[in-house]
Amino acid sequence: KILFRFVVLNNQTMYLMWTFGPTEDTYFGIEEDSNFWWWQYVWLSLLCMVPYTFEALLNFYPVSTTRLCTSNNDYLQSFLNILYPMSRLYVGKEIHESLKHAKDYMFFWITMIVFKLCFSYRFEVSAMVLPTLELTDDYINYHNMSFFRMSLLLVCRWLPQFLVYTIDMSIWYALWQAFAGTAVGLEDNLGSVRDINDIRDNFVRAPEAFCKKMLSDDAGSRKGSSANFNSRDSLNSVTEATKLLDSAESQRLQSYVNNLLDVRIQKWVMFSAAWNEVIDQMRQEDIISNRERDYLLFSRFDGFSQAIYLPVFQTAGVIDEVLTAIERPQEDIPLDSDAELFRPIIEHTTMRTAVSEVWELGSFVLVQLMGQVHNTDIASIMNLVLRWSESGTLCDHVKMGNMRKAMVQFKGLISVLEKSLKRRKPITKVKPVGVSQKNNRASVAVSQSLTKAAGGGIRRAISASSLGALEATSDFSAPEQGYTLQRQVHKTVIVDALRDQVREKFRNMISCLKGLLKNTNEDLESRDVLDRITFMLSMENGFMWDDAYASEQLDKLSKDDLVTKVLTKVNGLINYYPDDVEPKSKEAKRRLTFFVNSLFMDIPDAPRIQDMFSFNVMTPFYSEDVIYSKGDLEKTKDALGVSTLLYLQTLYGSDWKNFLERQGINDDNKVFSPKYLQETRMWASLRAQTLSRTVNGMMYYEKAIRLLANLERLDEDTTQDLLGEKFGYVVACQVYGNMKKNQDPKADDIEWLMHRYPHMRVAYIDSVRLNRAGESVFFSVLVKSNGNGEIQEVYRVRLPGNPIIGEGKPENQNHAIIFSRAEYVQTIDMNQEGYFEEALKMRNALQEFAKREGPLPMTILGLREHIFTGSVSSLANYMALQETSFVTLGQRVLAKPLRMRFHYGHPDVFDKLFFITRGGISKSSKGINLSEDIFAGYNNSIRGGTVGFKEYMQVGKGRDVGMSQIYKFEAKLAQGNAEQSLSRDVYRL
């Protein structure tokens, strides 16, 4: 082949010389002009280009390349061996992509190159043509113009243009990358949910997407119907209340129960369980406070009609929107039509649910506040209002335009109760004087009967999807006259500021309610409501006049946890606006936004837990920080005396306040007491680049599998067995053995992590000295916690010698991979972290390996990274922006449409069976494999694997934050690139 090339080059040179030589000369006995020799040169050059042209044409049908390279025809193979010596290798033959992917690839490059050439000709070349001609013309026409001067001027003119021409391809690639990356991101629905407001707008769609994509098909249907998701107390209350109803009402109750057990309710229940767990984990991480947690959680109240109640952050401010919708100018729609007036409310899921929740929970608060004495009147009034709502005659009885006035007073009442009951101290009880024992027994009997009616009516039958569906169960007649009240002869004055304030608020609310009623003189039902309201205000032994009774009721409410929770819920529902209940932490907003956004992306459907792919997580560790000690936190590094803990407290001020709140610490000096020392160390370590942060994040996979198994109704024993089968975590602590021998505190911290996370394993290299000559034998050892506070050795594998012969990190991974027992391995650096809500999606992400988007299998799955060190300094922010650009636009375009992404580091997931039979996930030769990660991508590509990149799941990543660290990192990249260019992997590629 080399000889053939030399002969062709020799003839090309002669033909070109003869083309510009004297025309009268004869060459090889052929007497022809220069035109003849020029065409000889052209035809010979075209002949040499035939193989390259043929190879280029094969790219339009990629599978043909594989068929040629794998053909068993001897003549074809001989031809390929001559023209393409690389074809003799056993790798790189079956690496073609599909025709669709090849078209996308060629379209990207052809359009970019055409644009580059057109732009360069128009603005770089064309502009230089006239000056060049003028300089040349001057040289020809003016004999005093030297050739050297003309050449120097031409070089000076053309050199800047030439330099720009040669390097501007990178500029156009960045532009094309932005265009392509944006298109791919829009196609994948990235950015459809960008902030908390977008979460609210899409929240009602989230349960459907969550159950469809992140739960298997039989989730919720195993072991019976969706009734299992509802609270047992709620069903018991429904069953008990059924006995109190006649046959017609029983049918309505059965219809309601069927609606409660509807599949949509079931999806909301399952989504709420996952959402609440996500919020609880955020609270454990101290990125939100207790109050923010309460606003973000779904609420559940035993014995109430609904299985769940929407989070306050979703319904805050909605009641004001409902009032605005009721008060809107009515131009074409008559005000006295319920259907038209309530249409925008009924059609809006959040509005409809908020109204239902305010009615049910507000009714419960009023019933509990007023007590047994007023149960009859309250139940009768509310049942009448529900009857009007069901019959569509609410506007005939109520002035809806005045609703806001009554709501303002109700807001004030709830606000006073919610703020004051928590810190209320019980008032000294005083026995009422002047009430006969007969009358007291009668009052109790009536109250008990009305409590049953209210419990079986109001609290049970408020639907989450309508304004009301309660059949009246009380007798709408005048107040019970079965007892008479006697005036108290002696009154004991009880000073109770809260009672007086609540009475004032309640009296104002009642006055506004009276003003809402229409036709009280003609309509008997409206008159009955007015009479009952008036009677409630005038009862001498009732809440408004009996000081002892009113104070006692408030004391009972202050001790009732259920009432306190309901008050918090109602207060947030009616008194707060969206900005008041949003989490203040940017990290919490970012994570929740990304989680909700990912639910609407293209995620593979989840298999059953039993059928999901198994995976292990592996983290290489040398001697970095594990958990900050007390000395580390108190150590100062500069003349200002700023300790590590003080620096972290300043950087994460809100997180520190949340930590103190969670631990119940009122004095910062107590954080280093024995009771709180370990938690303080963990809080600080979880905000630095430590091993504990990585381990804590990766063990969320275990919690996620437990939650998913619970949602899919698996028992505890089955779940425990599946955990050991489907998930494992191996930390490759290379020098853990030496740490133990040297009594390094880091070894104790590693053991503490193993005790805290029983499914965590530690692999290390142990050396045992054989004799005085210094000969040693080396072992790969796997240890774990035995559950009793001791470390147990699981495996010990003898090695042929010291495995550390290269860069260190690759050998650390390679010696530990034998202890993984799963089909797939996720490699995680020790400066990364995981999130619970992202761990829920790992089962779906593993299904990407079961899909084939082309002729070759996916063997590496890349995931999105979030750089969490951007807030440390301006340099760290620069590195975070640079890294974010690469891990979003950069890798996104490399994977699609270019299909040429490799492995650039963790947190990629590897097909373990593919890689352990093809050289492993890391190459460890010293020097040449300085950038060890990229060689896994090279090795994967030339052996017929493909690399995917999905952005519906993310992992946290720490980057360098100081100038010296950044410099060393960039130097490593530069040296690694230089070494790559010398490697046989790149040569084969």
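Biologist: Proline 897 is in the loop that lies between helix 39 (874-895) and strand 9 (909-911). What counts as a helix or a strand?

Modeller: Helices (H or I, at least four residues) and strands (E, at least two) are DSSP runs, numbered from the N terminus. This is a predicted model, in which local features need pLDDT of at least 70, side-chain atom pairs count only at pLDDT 80 or more, and totals for chains, interfaces and linings use all residues. Residues are numbered from 1 along each chain as its sequence is written, and side-chain values use heavy atoms, with hydrogens and water left out.

Biologist: What is the peptide bond from lysine 896 to proline 897, cis or trans?

Modeller: That bond is cis, with omega near 20 degrees. Arginine 899 is in the loop between helix 39 and strand 9 as well. Its phi is near 55 degrees, a positive value in a residue other than glycine.

Biologist: Why is arginine 899 called partly exposed?

Modeller: Buried means under 20% relative accessible area, exposed over 50%, and partly exposed in between (1.4 Å probe, protein chains only). Arginine 899 has 22% relative accessibility, so it counts as partly exposed.

Biologist: Which class does aspartate 286 fall in, buried or exposed?

Modeller: Aspartate 286 has a relative accessible area of 1%, so it is buried. This residue lies in the loop between helix 11 and helix 12 (290-296).

Biologist: What is the direction of helix 11 relative to helix 32, roughly parallel or roughly antiparallel?

Modeller: The axes of helix 11 (residues 263-284) and helix 32 (residues 700-711) come within 10 Å and cross at roughly 155 degrees. Because angles over 145 degrees count as roughly antiparallel (under 35 roughly parallel, 65 to 115 roughly perpendicular, the rest oblique), helix 11 is roughly antiparallel to helix 32. Axes are lines fitted to C-alpha atoms, for helices over the stretch in contact, and angles run from 0 to 180 degrees between N-to-C directions. On helix 11, Met270, Ala273, Ala274, Glu277 and Gln281 make the contact (heavy atoms within 4.5 Å). Their partners on helix 32 are Tyr700, Lys703, Leu707 and Leu711.

Biologist: What makes strand 1 and strand 2 a pair?

Modeller: Two strands pair if DSSP finds at least two bridges between them. Seven bridges join strand 1 (residues 615-621) to strand 2, and the two run parallel. Valine 617 stands opposite tyrosine 729 in strand 2. Strand 2 also pairs with strand 3 (residues 760-769), in the parallel sense over four bridges. There, valine 731 stands opposite valine 762 of strand 3.

Biologist: How do you know that strand 2 is mostly covered?

Modeller: Seven of the seven residues of strand 2 (residues 727-733) are buried. On one side these are Phe727, Tyr729, Val731 and Cys733, and on the other Gly728, Val730 and Ala732.

Biologist: In what order do the strands form the open sheet?

Modeller: Ten strands form it in the order 5-4-3-2-1-6-9-8-10-7, with mixed pairing. Strand 5 (791-799) and strand 7 (832-833) are the edge strands, since each pairs on one side only.

Biologist: Why is glutamine 954 called buried?

Modeller: Glutamine 954 has 3% relative accessibility, so it counts as buried. This residue is found in strand 10 (residues 946-957). Its side chain makes a polar contact with the side chain of arginine 590, at 3.2 Å. A polar contact is a pair of N or O atoms within 3.5 Å; within protein, one must be able to donate a hydrogen and the other to accept it, and residues adjacent in sequence count only if both atoms are side-chain atoms.
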